[in-house]
Amino acid sequence: MIAAAIAADLGLADASDVYFTTLLQHVGCTAYAHEASARLGGDEIAVKAAAIRTDFARAQDVLFVYLPNLAPHAGLVGRLRAAGVAATRARQITAGYTTANCEVAALTARRLGLPLGVEHSLAAIFEQVDGKGAPRGLQGDQIPQPARIAQVAVCASLFHRLGGADLALATVRRRAGASLDADIVATLCDRAADILGELDEKDAVLAAIDAEPEPVITVADDAVDEVYRAFGDAVDLKSPFHHGHAAGVADLAARAAARLGLAADDVAGVRRAGYLHDLGRAAIPNGIWEKPGTLTSAEWERVRLHPYHSERILSGSAALQPLARTAGMHHERLDGSGYHREATAAAIAMPARVLAAADAFQAMTQPRAHRPARAPEAAAAAISADADRGRIDAEAVAAVRAEAGYAVAGRRPRPGGLTDRQLEVLRLVAKGFSNREIGRRLVVSPRTAEHHVQDIYARIGVSTRAGAALYAMQPDLIGWEKDW
């Protein structure tokens with residue numbers, strides 16, 4: 001809402017770049033979740049919340065806003081350790097986060113078919129007008145105007161939510177000429193009463209939809225699946241353990257639904273629900289998803305809520321609402337032992353039963369922090385045993401088993417002209433291995449491993465682990481079966 005109003009006041013002829021840049025500026029926030037969680041106490045969501053409230057040019061903000069809030073749920077030792085790591089490795093962490101976030105956001109905009117200006121703006125969303133931003137150190141007008149408008153709008157919106165209009169205006173004025181464009185800040189301040197007043201009076205979600213500039217960008221029905229997959233892939237980037245999960249579930253569930261003779265609309269719905277079923281994972285910190293030991297009861301409760309979050313996200317959109325219930329039921333079981341509803345057979349439609357069987361099989365064939373991946377035969381046996389116990393629909397299990405057997409036998413494509421060795425290195429990078437770990441696996445020096453990694457980055461046109469993982473997820477090159 002704020003960005004659209006600023007764009008209108010500035011007289012922009014085409015405000016689409018501003019609109020979509022503002023909406024999508026955090027779509028790459030999962031790109032560095034694994035690294036941030038591992039280094040800063042296991043809760044990358046808290047790290048993000050602290051960072052967006054912090055003016056890193058002010059020492060008092062760093063000391064009293066950022067460092068104390070990095071690991072709010074950890075004990076004293078954990079909080080001190082996170083603060084120490086942040087203080088000593090701040091430059092490296094910031095560079096890693098901004099580069100990965102910008103790269104993934106820009107790649108996602110490209111996949112969504114948005115205007116090139118959106119892609120360029122997202123690639124510069126963490127730059128600062130004073131040249132002290134990242135990843136390229138752009139300054140002033142070198143930063144695309146939509147990015148500069150988005151920065152002001154997001155800062156104003158955040159601090160308005162934290163403390164009202166007075167705090168919002170004081171914050172953007174203090175940052176003007178440093179992280180924020182002074183002229184754009186002035187434009188907001190000139191009409192602050194009208195622009196910020198609307199935030200108190202309207203439902204921001206509905207108002208943002210109404211604020212979309214004309215002509216409205218539409219997606220043809222035969223291309224909409226790529227939109228759904230792009231968001232599913234973005235969430236799967238949160239953890240190397242989940243790379244490619246949503247796409248694998250969507251493909252397997254759709255083929256199983258077709259084998260069962262479901263209507264064409266139901267097959268398409270299952271595929272789309274598969275792409276989006278784990279959106280709710282974004283609400284759960286990586287310290288839980290990547291915990292190698294047993295979850296506490298509180299942690300397990302948070303895990304049980306991720307299908308609920310997925311369902312609520314989808315229910316908020318008229319276009320996505322038909323997929324919400326199926327996506328939100330992917331962990332339900334016929335005997336009522338699933339979650340989040342603990343629904344029983346009568347309440348679980350066949351599309352949701354198929355999705356649940358496909359999700360269970362796919363998850364078992366991928367490694368998790370607490371266990372290795374299972375071979376396809378073992379996963380097939382496990383879901384069959386669940387069917388025998390009355391937990392998963394037997395017909396859905398039979399269809400998933402049949403389609404999975406065919407899929408596992410297929411040979412994966414190898415785009416980009418990658419050799420077998422380069423494909424092996426790409427998989428290790430995507431799974432979060434360091435150059436040292438890659439060298440140890442391939443029995444080469446870390447320097448040689450780094451050479452392989454940089455060569456692959458150059459071939460596929462990325463510069464971060466997250467970018468490499470996103471590249472590998474699209475043609476399904478992750479290849480978890482190499483770990484069996």
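These are legends for a set of close-up views of a predicted model.

The model is predicted: local features need pLDDT of at least 70, side-chain atom pairs count only at pLDDT 80 or more, and totals for chains, interfaces and linings use all residues. Numbering starts from 1 along each chain as its sequence is written, and side-chain values use heavy atoms, with hydrogens and water left out.

**View 1. Helix α7 packs against helix α26.**
Helices here are DSSP runs (H or I, at least four residues), numbered from the N terminus. The axes of α7 (residues 90-111) and α26 (residues 465-473) sit 8 Å apart, at an angle of about 30 degrees; axes are lines fitted to C-alpha atoms over the stretch in contact, and angles run from 0 to 180 degrees between N-to-C directions. The pair is therefore roughly parallel (angles under 35 degrees; over 145 is roughly antiparallel, 65 to 115 roughly perpendicular and the rest oblique). On the α7 side you'll find Ala100, Glu103, Val104, Leu107 and Arg111, meeting Ala466, Gly467 and Leu470 of α26, where contact means heavy atoms within 4.5 Å. That makes 5 nonpolar, 1 polar and 2 charged residues (Ala, Val, Leu, Ile, Met, Phe, Trp, Tyr, Cys and Pro count as nonpolar, Asp, Glu, Lys and Arg as charged, and the others, Gly among them, as polar).

**View 2. Asparagine 101 sits in helix α7.**
Asparagine 101 is buried, at 0% relative accessible area (buried is under 20%, exposed over 50%, partly exposed in between, using a 1.4 Å probe and protein chains only). Skipping residues up to four places away in sequence, asparagine 101 touches Gln25, Gly28, Cys29, Ala31, Lys48 and Phe126.

**View 3. Helices α23 and α25 cross.**
Here α23 (residues 420-430) and α25 (residues 446-460) pack at about 95 degrees, with their axes 10 Å apart, and are therefore roughly perpendicular. Arg421, Gln422, Val425, Leu426 and Val429 of α23 meet a set in α25 that includes His452, Val453, Ile456 and Tyr457.

**View 4. Phenylalanine 231 lies in helix α13 (residues 224-236).**
Phenylalanine 231 is partly exposed, at 29% relative accessibility. Leaving out residues up to four places away in sequence, phenylalanine 231 touches Leu24, Val27, Leu112, Leu276 and Leu279.

**View 5. Tryptophan 300 is in helix α17 (residues 297-304).**
At 37% relative accessibility, tryptophan 300 counts as partly exposed. Beyond its neighbours within four places in sequence, tryptophan 300 is in contact with Leu295 and Tyr339.

**View 6. The loop between α19 (321-328) and α20 (350-364) holds histidine 340.**
Tyrosine 339 and histidine 340 are joined by a cis peptide bond, with omega about 15 degrees. Glutamate 342 is in this loop too, with phi near 60 degrees, a positive value in a residue other than glycine. For background, most residues other than glycine have a negative phi, and most peptide bonds are trans. Glutamate 342 is partly exposed, at 46% relative accessibility.

**View 7. Valine 443 is in the loop between α24 (435-442) and α25.**
Valine 443 also has a positive phi, near 60 degrees. This residue counts as exposed, at 73% relative accessibility.

Terms used: Helix = DSSP H or I, 4+ residues; strand = E, 2+ residues; numbered from the N terminus.
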